[in-house]
Amino acid sequence: MKNLLELNSVSVRFSPDENDVIDNLSFEIKKGESLGIAGESGSGKTVSMLSILGLMPQAILNGSAKFDGEELIGASNVVLNKIRGKRIGLVLQNPFTALDPMLRIGDQISEGLISEGWSRRNAKNHTINLLDEVGVPSPKERFFDYPHQFSGGMRQRIVIAIALSQDPELLIADEPTTALDVRVQKQVMQLIKKECLDRGMGLVLITHDLGLISNYTDRVLMMYAGKIVEDSPSKKMFENPLHPYSKGLIDCLPNLNVDDQKFLTTIPGNPPQSNDFPNGCRFHPRCSFSNVDCKVIDKHPPLEKYKWGSSGCIHVKELF
Amino acid sequence: MSFESIKNISLYIIQRIVLTIIALVVLSFITFSLSYIVPGDAALVAAGPSAGKEKIEQLRVEMGLNLPFYEQYFVYLTKLSRGDLGKSWFTHQPILNDIKDLLPASAELVFFAMLFNIIIAIPLGVLAATKRDSKTDFSIRILVMIGAGIPIFWLGLLLQHFLASETGLFPIAGRLSFSNRNFEGSTGFLFFDSVVQGEWGVFWDSIWHIILPAFTLSVLFIAVITRTTRSTLMRALEEDFITLARSKGISEYRVIIKHALRNALVPTVTILGMQVGWMMGATVLVEEIFGRPGIGKYAVKAVTQSDIHGVVGVVLIVGIIFIFSNLIVDIVHLFLNPRLRKNSIGNL
Amino acid sequence: MFKLFNYLRSPIEKGAMIFVVFIVFIALMGSYLAPHDPYEANFKNTLSAPSIDYLFGTDAAGRDVFSRVIYGARLTLATTLFVIAIVAIIGIFVGIISALSGGVIDNLLMRFTDIWLGFPPLILALGFAASFGAGMKAAILALIFTWWPNYARLSRALILETKDKDYILSAKAMGVPNLRIIFSHLIPNAFDVLFVQISLDVAAVILVISGLSFIGVGAQIPLAEWGAMIADGRSASKAWWVVFFPGLAILLTATSFNLIGDVLRRELDPTLSKVKNEKPS
C-alpha cells in the first residue's frame with residue numbers, strides 16, 4: 001500500500017543561527033492508519049506535523065515530506081492549499097482560541113467548502129449535517145451562533161467539524177483533549193475515533209497522554225528531544241517497550257493495582273533544549289541503563305528494526 | 001437575536017447614553033466657567049466707554065451678572081437648551097448662526113481627511129504587517145515616524161509653496177475658485193449642494209480645492225492609524241485561529257482579510273473615532289494656511305477680539321461633536337464585536 | 001533604561017538617539033552656543049539669506065534665526081517636559097487609586113476619564129486663551145486638562161496587571177506595609193512601559209504647543225518658540241529660511257522622540273514578540 005504521508009530526514013529550525021529543533025526525522029503513515037506521536041513538551045511532536053504543512057511561517061525546513069507522493073516542503077502556498085483542508089484536516093489543542101471570535105461558527109465550518117466552489121446553500125446544508133454528526137444539538141439554529149456561545153467541549157466538536165468539512169483523508173489532532181475536562185475528553189476522543197473509522201481517514205494523534213495512545217492508536221512513535229526513539233504497535237509498546245525512555249514513561253503511570261507502590265516513579269531530570277542537546281544519545285543523561293558507549297557515539301542512534309518495531313537504543317538487544 | 005442579547009444591547013446603549021449626558025453636563029460646566037472667570041466686567045464692556053454708572057448697573061442686572069455662580073450657570077443652561085449661545089462681538093450675529101454657517105466647511109475638511117486616512121493608512125498597515133521585518137515594512141515604519149513628527153502647519157506651508165504657488169498644480173487657498181464665489185447651497189456642504197443643483201463644475205472645483213488641505217490634515221493621523229493597524233494585525237496573525245484558518249486550505253488573502261484584519265480592525269476603529277475630535281481641533285491650523293473658512297478660524301478670531309462667548313461657543317460645539325462621535329464609536333463597536341452582545345455590562 | 005544603547009538596531013534609530021541627546025544638550029547649553037542674541041532686532045539686516053554669520057538667515061526683524069532656533073529648543077523642551085511631568089503625576093495618581101480601589105470608585109473614575117480621553121487640546125487652549133489671555137499659560141493649562149487621561153488609563157492597566165503578580169503577593173504575605181509595596185515594588189515594575197508613553201508624548205506635545213503658538217495662542221513673538229517663528233515668517237514667502245528651519249527643528253525633534261519611543265516599546269512590550277515562541281509539543 002502506498003504511503004499516505006512519508007517524511008524523510010526532515011529537520012526544522014526557527015532561525016538560521018539556531019539549532020534544529022527536529023533533525024533527520026523519518027517515518028511513514030499508511031492510508032487509514034492511526035498513528036500516535038507521543039512525548040513530553042518540547043519533544044518536537046507538534047512542530048513535526050505543523051511545519052511540514054506550512055503552518056509555521058517562521059520555520060526553516062529541510063528534507064522531504066511527501067503526501068500521497070506530492071512534496072510539501074518548499075511547496076508554494078497554492079500547492080499546499082490544495083492539500084490543506086481538502087486532504088488533511090487539523091484539530092488544534094485549545095478550542096477557546098482555535099475559533100475566530102468574530103465569525104459565526106457556521107461560516108467558519110463552511111468556509112473551506114465555499115472556497116472550493118460550493119454554493120452557499122449546499123455548504124450550509126453540509127455544515128448543518130456535520131454539526132449534527134459531531135453532536136452539536138439544534139444545528140440549524142446554532143449555525144448562526146458565535147464561538148463564545150459554546151462550551152469548551154462543544155467548541156472542540158466544532159473544530160472537528162471544520163477539520164472534517166472537506167472530507168480529508170488524514171486527520172491530524174494536536175493534543176485535542178488537553179484543554180478539556182476528563183469526561184468531555186472521552187466524548188471528544190470517541191467522536192474522533194468514530195469519524196476516522198466511518199470515513200476511512202488516517203489519524204495522527206499528537207499527545208503526551210499515554211492513555212490516549214493505548215486506546216485510540218494502532219501504532220505509536222515515541223519522540224524525545226526532536227528524535228524518534230521508538231516506533232511500535234501501540235499495544236506492544238505498553239506490554240513490551242523497546243526503549244528506556246518508553247519504559248520510563250510507562251513506569252511513570254501511577255498504578256492503582258499495586259499495593260506496595262510507595263512513591264511515584266519519575267524519570268529524573270528535564271528534557272534538553274534544542275541549543276543544548278547532549279552528545280551521543282540524547283536521552284543518555286537521564287537513562288538508568290546508559291553506559292559510556294551511549295555518550296561516545298558521534299550522533300544520536302538511528303532507528304533500527306527490532307522485533308515488531310524499531311528502536312533508537314543501541315542496547316536494545318540486551319535490554320529488551 | 002435572542003432576548004438575552006437584546007436586553008444586553010439595550011442596557012449597554014442606555015449606559016452609554018447616560019454617560020454621554022453626564023459628559024455634556026461637565027462640558028457645559030467647563031465652558032460656562034471659562035466665560036465666568038474672564039477678567040474684566042462684562043457689563044462695562046457691553047455698555048461701552050461712555051456709559052454712565054447707572055447704565056452699567058442696569059445692564060449688570062439685565063445680564064444677570066449679579067446673581068450667584070450657580071444661578072448664572074442655570075441661566076446658561078436654559079439658554080443653551082434654546083440654542084442661544086450669545087451674540088458675537090465682531091459679527092454681531094448670534095453665535096450659533098455663525099457656527100452653523102461655518103461648520104460645514106470644517107466638517108468637509110475632516111470628512112476628506114478621514115477618507116484619506118482610511119484609504120491610505122489601513123492598506124499601508126496591512127502591507128507592513130504582512131511583510132514584517134522586510135525592507136517594505138522598514139520604509140513604512142520610517143514614513144510613519146516622520147508623519148507623526150511633522151508639524152501639520154509646516155507641512156501645509158511646504159505643500160502650498162511647492163504644489164500650489166510654484167507649480168500651480170493645486171489652488172493656493174479658498175474653498176472655491178474666484179469664478180464660483182457666488183455659489184450658494186442650501187446646506188452649506190459644497191459637495192452635496194453642488195451635486196444636488198447639478199453644478200458639476202462647482203463640484204470638481206471644490207474637490208480640487210480640498211485635496212491639499214485635507215491631505216495636510218490627514219498626514220499625522222495616517223501615521224497613527226498605519227502604526228495601529230500594523231501592530232494589531234501582527235498580533236492577530238499570531239493567534240491560533242489563524243493557524244486553523246490556514247489549515248482549511250483557503251487563500252492567504254482570505255486568511256489575512258477575512259480573519260486577521262477583521263479582528264484587528266476593532267481597536268483601530270475605536271482610535272479612528274477618537275481622531276474625529278482631534279481632527280476637529282486641528283482644522284484651525286489648515287484653515288489658517290489655506291484661507292478656508294471654518295469654526296477653528298472663527299475661534300481664533302474670537303480670541304484675538306476677546307470675544308469669550310464666541311470661543312466658548314466653539315469649544316462647546318466641538319466638545320459636543322467629540323462626545324457624540326465617541327458614543328457612535330461605542331455603538332459601532334457593539335456591532336463589530338459579537339462578544340459584547342452577550343457579556344454583562346460590568347466588564348466594559 | 002540606559003541599556004537602551006544596546007537595543008538600537010538600525011542606523012536610523014542610532015541617529016534618532018544621537019539627535020535626542022543632541023537637542024537636550026542644546027536646550028541645556030543653548031545660551032552659550034548661540035552666536036547672537038535671539039531677541040536682538042536689527043532693522044538694517046532683515047530677511048537676509050543664510051550666511052556664515054547668520055547660519056539660518058535673519059527674520060523680519062533682523063533677528064538671527066539660528067540663535068532663535070537654539071533658544072527655541074530650550075523653551076520647547078522645558079515646557080513640554082513640564083507639562084508631561086504634571087500630566088503624568090496627575091494621571092498616575094488617578095490610575096493608582098482607580099486600580100487599587102476597584103469596584104465602584106474604579107468604575108466612576110474610569111468613566112470620567114473616558115469622557116475626556118482624546119479631547120482636542122487645541123480647541124480647549126483657545127478657550128483658556130480667551131479667558132486668561134493668549135500665551136504659554138493657556139497652552140499649558142489646556143494640555144494638562146486634556147492629556148492626563150492617557151496616563152490614568154495606562155497606569156491603571158499596568159497596576160492591574162502587576163498587582164496580582166507573585167512577588168507582590170509574597171511581599172504582602174510577609175507583612176510589608178502597603179505604601180512601601182506601592183512605591184518599591186508596584187511602581188518600578190509596572191512603569192517601565194510608561195517611558196514609552198512619555199517619549200511618544202514628548203513628540204506629540206511639542207507638535208501641539210508649536211501648533212498653538214502658530215495660531216497665536218501659545219508663545220507670543222518675540223519669544224523664540226518654533227511655532228511662533230513659523231507664523232512670523234509666513235508673510236515673507238521669499239525668505240524661506242524663516243519658516244523652514246524652525247519647522248525642520250520640530251520635525252527632527254518630534255520624529256526622534258517618536259523613534260525612541262518605538263524602540264522602547266519594542267524592547268519593553270513582550271506581547272509584541274518578533275518570533276512566535278515554539279509551541280510546546
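Modeller: Helices (H or I, at least four residues) and strands (E, at least two) are DSSP runs, numbered from the N terminus. Read along the sequence, chain B then follows the pattern α-α-α-α-α-α-α-α-α-α-α-α-α-α. This is a predicted model, in which local features need pLDDT of at least 70, side-chain atom pairs count only at pLDDT 80 or more, and totals for chains, interfaces and linings use all residues. Residues are numbered from 1 along each chain as its sequence is written, chains are lettered from A and ligands numbered from 1 in the order in which they are written, and side-chain values use heavy atoms, with hydrogens and water left out.

Biologist: How many helices and strands does chain B have?

Modeller: Chain B has 14 helices and zero strands. Its C-alpha atoms fill a box of roughly 85 × 60 × 40 Å along the principal axes.

Biologist: And what are the counts for chain C?

Modeller: Chain C has 11 helices and zero strands. The C-alpha trace of chain C spans about 75 × 45 × 35 Å along its principal axes.

Biologist: Let us turn to packing. How are two packed helices described?

Modeller: Two packed helices are described by the angle between their axes and the distance between the axes. Here axes are lines fitted to C-alpha atoms, for helices over the stretch in contact, and angles run from 0 to 180 degrees between N-to-C directions.

Biologist: At what angle do helix 11 and helix 13 of chain B cross?

Modeller: The axes of helix 11 (residues 252-290) and helix 13 (residues 308-336) of chain B cross at roughly 170° and come within 9 Å. Helix 11 and helix 13 of chain B are therefore roughly antiparallel to each other. The classes are these: angles under 35 degrees count as roughly parallel, over 145 as roughly antiparallel, 65 to 115 as roughly perpendicular and the rest as oblique.

Biologist: Which residues make that contact?

Modeller: Contact means heavy atoms within 4.5 Å. Helix 11 of chain B contributes residues including Val266(B), Val269(B), Gly273(B) and Met280(B), and helix 13 of chain B contributes residues including Ile321(B), Phe322(B), Asn326(B) and His333(B). By class, this contact of helix 11 with helix 13 of chain B has 11 nonpolar, six polar and no charged residues. Ala, Val, Leu, Ile, Met, Phe, Trp, Tyr, Cys and Pro count as nonpolar, Asp, Glu, Lys and Arg as charged, and the others, Gly among them, as polar.

Biologist: What about helix 12 and helix 13 of chain B?

Modeller: The axes of helix 12 (residues 295-304) and helix 13 of chain B come within 8 Å and cross at roughly 150°. That makes helix 12 of chain B roughly antiparallel to helix 13 of chain B. Ile295(B), Tyr298(B), Ala299(B), Ala302(B) and Val303(B) of helix 12 meet Gly310(B), Val311(B), Val314(B) and Val318(B) of helix 13. The contact of helix 12 with helix 13 of chain B has eight nonpolar, one polar and no charged residues.

Biologist: And in chain C, how do helix 5 and helix 6 cross?

Modeller: Helix 5 (residues 121-132) and helix 6 (residues 136-163) of chain C have axes that cross at roughly 135° and come within 8 Å. That makes helix 5 of chain C oblique to helix 6 of chain C. The residues of this contact of helix 5 with helix 6 of chain C divide into 12 nonpolar, one polar and no charged.

Biologist: A change of topic: what does Arg227(B) touch?

Modeller: Arg227(B) lies in helix 9 (residues 200-237) of chain B. Not counting residues up to four places away in sequence, Arg227(B) touches Val144(B), Ala148(B), Leu200(C), Asn258(C) and Arg265(C). The C-alpha atoms of Arg227(B) and Arg141(B) are separated by 7.6 Å, and the two residues are 86 residues apart along the chain.

Biologist: Finally, how many cavities of 30 Å³ or more are there?

Modeller: The count comes to two cavities of 30 Å³ or more. On a 1 Å grid over the protein atoms alone, a cavity is a set of points where a 1.4 Å probe fits but cannot get out, and lining residues have an atom within 4 Å of a point. Grid points are joined across faces, edges and corners, and a volume is the space filled by probe spheres set on the points.

Biologist: What lines the largest cavity?

Modeller: The largest cavity has a volume of about 80 Å³. It is lined by 14 residues, of which Pro244(A), Cys281(A), Cys287(A), Cys294(A) and Cys313(A) lie nearest its centre. The lining of the largest cavity divides into nine nonpolar, five polar and no charged residues.

Biologist: And which residues line the second largest cavity?

Modeller: Among them are Gly85(A), Ile88(A), Gln166(A), Ser247(B) and Lys248(B). Strand 6 of chain A gives the most to this lining of the second largest cavity, with three residues.

Key:
1 Å grid on protein atoms, 1.4 Å probe; cavity = no way out; pocket = protein on both sides within 12 Å on 5 of 7 lines; lining within 4 Å.
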